[in-house]
Structures are given as C-alpha cells and as structure tokens.
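Here are my notes on this one, point by point. Have the viewer open while you read.

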Amino acid sequence: MKENELDNFIICKKCHTLHRKIKLHHGTKALCQRCNSVIYRYHEPNFIDNLLALSLVSLISLIVAFIFSIMRININGIYQTLDIGSMFIVIFNNQYYLVGIMLTLLIFIFPLTILVSIIVALTLIKLKKSKYLVKRLLILIAKILPWSMVDIFFISILVAMVKLFDYAQLELGVAFGAMFLVIILDIFILKRVTLGDIWEEYERVYGGE
Ligand SMILES: [Zn+2]
C-alpha cells in the first residue's frame with residue numbers, strides 16, 4: 001500500500017476500528033460502525049476562517065479576563081476585589097513560589113501560547129506560507145493542550161463562590177464574563193474541530209512539498 005493511500009483510512013479513536021473515509025455531505029458526521037462514536041465531521045470550506053475568528057475572540061477574552069476584576073466581594077461592608085493580577089501578587093508575597101509558577105504556567109502562559117500559536121498557524125495556512133513553522137506550532141499545541149487549565153481554574157472559582165455566598169455579597173466583574181466566554185468558546189471549538197482537522201488542512205494546503 002502506498003503511503004498516501006493510508007490517507008483514505010481513518011481509525012476510530014474509541015474502539016480502534018479501521019474505516020475507509022468517504023466524502024461527507026453538508027452538516028453531517030461520520031459515525032463508527034462498531035461503537036457509534038463520531039469519527040470525523042463535515043467541515044465547511046471556510047472552517048479555517050471560522051476557527052481563526054473564534055480563536056481571536058477567545059484570545060481577547062482571555063486577556064480581558066486577566067486584566068479586569070473577576071468579582072467584588074462584600075463582607076459586612078468591607079469590599080475586596082478579586083482579579084488575577086492581585087491574586088498572583090498575594091501568592092508570591094506569601095512565598096508560595098511553586099504554586100505561583102504552576103498557576104502562571106497553567107492558566108496564563110500555556111493558554112496564551114496555545115491561542116497565539118493557533119492564530120499564527122492558521123494565518124500562515126491561509127497564506128500558504130512557512131510550512132515548517134506551521135508544523136512546529138501544531139506540534140507545540142498538541143504538547144501543551146492538556147496543560148491548559150483555565151477551565152479548571154474557573155470551576156474552582158465557582159466552587160469558592162458557592163462557599164462565599166453564605167456570608168458575603170458577590171458582584172461579578174467583567175473578567176468573570178470574559179472567562180466564561182473563554183470556556184464556552186473552548187468547548188465550542190473543541191467539539192467541532194480537532195487538531196487532526198487542522199493537520200488535514202495542513203496536508204491539503206502544503207501538499208507533499
Ligand atoms: Zn469505534
């Protein structure tokens with residue numbers, strides 16, 4: 001079998017059954033014959049543009065989430081504003097350096113690197129330029145994707161909020177909405193597009209050059 005003939009086949013990620021790929025119709029998806037899980041989806045011809053737009057919105061929201069206040073906490077008339085910047089200052093002032101560095105990586109550096117890499121890679125794919133750089137970026141994204149934990153951070157804030165509700169009044173800030181948007185976009189993007197789809201587009205655009 002020639003190497004490019006393998007491109008006509010796809011393996012179900014769940015049960016590892018091999019399927020021959022067929023062309024899908026608009027809005028449809030291919031299901032595994034054996035376990036019924038989604039193997040791949042039909043992609044609009046402009047899915048790269050959509051993904052690029054969503055990633056840009058996500059990047060802006062993430063930056064907003066880092067700059068503005070997440071919430072204002074009112075305990076018996078004493079106000080305390082919670083934002084990510086001052087949270088880091090408190091962590092480092094209390095000499096929790098390891099926690100601080102881990103948090104910086106997991107909720108700041110990794111998510112930003114992923115989004116910027118996606119945006120640069122997709123833009124280059126659209127311009128059909130810098131094949132090598134796009135390849136490095138896609139590999140980088142795959143490596144750090146499991147380490148982006150904005151969603152877990154958000155959930156822990158929600159849990160903390162539930163505990164605070166008993167004795168404090170909470171006013172949600174701009175950053176709270178922004179972070180919520182980042183999570184929703186993240187789920188939306190991941191449900192529709194996988195890195196495999198971007199690799200496919202990569203192969204299609206740059207071919208066997
Ligand atoms: Zn399967």
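1. A definition before anything else: a nonpolar core here is a set of buried Ala, Val, Leu, Ile, Met, Phe, Trp, Tyr and Cys residues joined through C-beta atoms within 7 Å. Bear in mind too that this is a predicted model. The largest such core has 22 residues, and those touching the most other members are A65, A121, L122, A175, M179 and V182. At least two residues each come from α1, β5 (69-75), α3, α4 (131-144) and α6 (174-192). Helix α3 gives the largest share of this core, with seven residues.

2. Take V182 from that list and look across the sequence. Which residues does V182 contact, leaving aside neighbours within four places in sequence? They are S58, S61, L62, A65 and V150.

3. Now the helix pairs, starting with α1 and α3. Helix α1 covers residues 47-67 and helix α3 covers residues 97-127; their axes come within 10 Å and cross at roughly 150°. Anything over 145 degrees counts as roughly antiparallel, so α1 is roughly antiparallel to α3. The crossing of these two, α1 and α3, is left-handed. On the α1 side the contact uses I48, L51, L52, S55, L56, S58, L59, L62 and F66, while α3 brings F108, P111, L112, L115, V116, I118, I119, L122, T123, I125 and K126. Sorted by class, the residues of the α1 contact with α3 are 16 nonpolar, three polar and one charged.

4. Next, α3 against α4. How do these two axes cross, and within what distance do they come? The axes of α3 and α4 come within 9 Å and cross at roughly 150°, and the two helices are therefore roughly antiparallel to each other. Here the crossing of α3 and α4 is left-handed. Helix α3 contributes F110, T113, I114, S117, I118, V120, A121, L124 and I125, which meet L133, V134, L137, L138, L140, I141 and I144 of α4. The tally for α3 with α4 is 14 nonpolar, two polar and no charged residues.

5. Helix α4 also packs on helix α7 (residues 195-206), at an angle of about 170° and with the axes 11 Å apart. That makes α4 roughly antiparallel to α7. From α4, the residues K131, V134, L138, I141 and A142 meet L195, I198, W199, Y202 and Y206 of α7. By class, this contact of α4 with α7 has nine nonpolar, no polar and one charged residues.

6. Have a look at S69, which sits in strand β5. Is S69 buried, exposed or partly exposed? With 17 other C-beta atoms within 10 Å, S69 is partly exposed. Not counting residues up to four places away in sequence, S69 touches T81, L82, D83, G173, V174 and A175. S69 and F176 are 107 residues apart in sequence, yet 7.4 Å apart in space, C-alpha to C-alpha.

7. Last, two backbone angles to check. N36 has phi near 70°, a positive value in a residue other than glycine. N36 is in the loop between β3 (29-31) and β4 (38-41), and is exposed, with 10 other C-beta atoms within 10 Å. K128 has phi near 55°, again a positive value in a residue other than glycine. K128 lies in the loop between α3 and α4 and is exposed, with 12 other C-beta atoms within 10 Å.

Methods. Residues numbered from 1 in each chain as written. Predicted model: local features only at pLDDT ≥ 70, side-chain atom pairs only at ≥ 80, totals over all residues. Axes fitted to C-alpha atoms, helices over the stretch in contact; angles between N-to-C directions. Helix = DSSP H or I, 4+ residues; strand = E, 2+ residues; numbered from the N terminus. Parallel < 35°, antiparallel > 145°, perpendicular 65-115°, else oblique. Left-handed = near helix turned anticlockwise from the far one by under 90°. Contact = placed C-beta atoms within 7 Å. Nonpolar A, V, L, I, M, F, W, Y, C, P; charged D, E, K, R; others polar. Buried ≥ 20, exposed ≤ 12 C-beta atoms within 10 Å, placed from the backbone.
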